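Hi everyone, thanks for making time. Please have a look at the slide with me, and keep the sequence in view while I talk.

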Amino acid sequence: MQENRREFIKRSCGLCASVVGISILSPALQGCSTLTRLQPVLVKGVLSIPVSSFIEKQQVVIIENSTLDYEIAVVKSMNNTYRSFELRCTHQETSLIATNSGFHCNLHGSSFSLTGKVNNPPASSNLKEYKTTVNSGIIEIML
Ligand code: FES
């Protein structure tokens with residue numbers, strides 16, 4: 001049976017859109033898949049993870065905890081200090097996608113640097129930061 005022109009265009013455009021969608025999402029998904037994810041227990045308002053959680057050149061470790069509304073990204077800087085950010089977009093409170101180069105919101109396209117600063121609007125506020133310290137090889141994040 002011969003396909004009419006309208007059906008051909010509809011089928012072809014759907015295929016093109018899915019290929020373009022996959023190629024746009026690909027870098028974000030690749031960045032996300034390489035990050036270490038930990039589920040530390042919350043003790044007296046503190047989440048603790050070992051410094052050794054950061055392997056090789058990894059700059060970001062993700063923390064999940066059932067008491068948290070959003071995941072937390074712990075970021076290692078060049079001078080071996082650590083900062084922690086809530087992975088909540090400051091535009092409309094969507095969960096962010098973390099990579100080793102920054103944080104991205106798929107809802108309206110905001111992005112944030114590894115220092116929690118807005119790189120791209122519509123978000124206008126920086127990410128919420130948690131006080132983070134290091135004691136004897138343990139990173140402590142105060143909620
Ligand atoms: S909710 Fe993140 S950019 Fe709008």
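I'll go through confidence first, then the elements, then the sheet strand by strand.

One thing before we start: this is a predicted model, so I'm describing local features where pLDDT is at least 70 and side-chain atom pairs at pLDDT 80 or more, while totals for chains, interfaces and linings use all residues. Residues are numbered from 1 along each chain as its sequence is written.

How confident is the predictor? pLDDT is its confidence in each residue, from 0 to 100. The protein chain averages 84, and 77% of the residues score at least 70. Please treat residues 8–32 with care: pLDDT is below 50 there, and beyond near neighbours in sequence the stretch has 10 contacts in the model. By contact I mean two residues whose C-beta atoms, placed from the backbone, lie within 7 Å.

Now the elements. Helices (H or I, at least four residues) and strands (E, at least two) are DSSP runs, numbered from the N terminus.

Which order do the strands take in the open sheet? There are 8 of them, running β1-β4-β5-β6-β11-β12-β3-β2, with mixed pairing. Two strands count as paired if DSSP finds at least two bridges between them. At the edges sit β1 (36–38) and β2 (42–43), each pairing on one side only.

Let's walk across from β1. It runs parallel to β4 (residues 60–63), with 3 bridges, and Arg37 has Ile62 as its bridge partner in β4. Ile62 in turn has Ala73 as its bridge partner in β5; β4 and β5 are antiparallel, joined by 4 bridges.

Next, β5 (residues 72–76) and β6 (residues 82–86) are antiparallel over 5 bridges, with Val75 opposite Arg83. Their hairpin has 5 residues between the strands, and Asn80 takes a positive phi near 60°.

From β6 we move to β11 (residues 129–135), antiparallel through 2 bridges, where Phe85 stands opposite Glu129. Further along, β3 (residues 46–50) and β12 (residues 138–142) pair antiparallel over 5 bridges, and Leu47 has Ile141 as its partner in β12.

To finish, among contacts between residues at least 6 apart in sequence, 42% join residues at least 24 apart. Thanks, and I'm happy to go back to any strand!

Key
pLDDT = per-residue confidence, 0-100.
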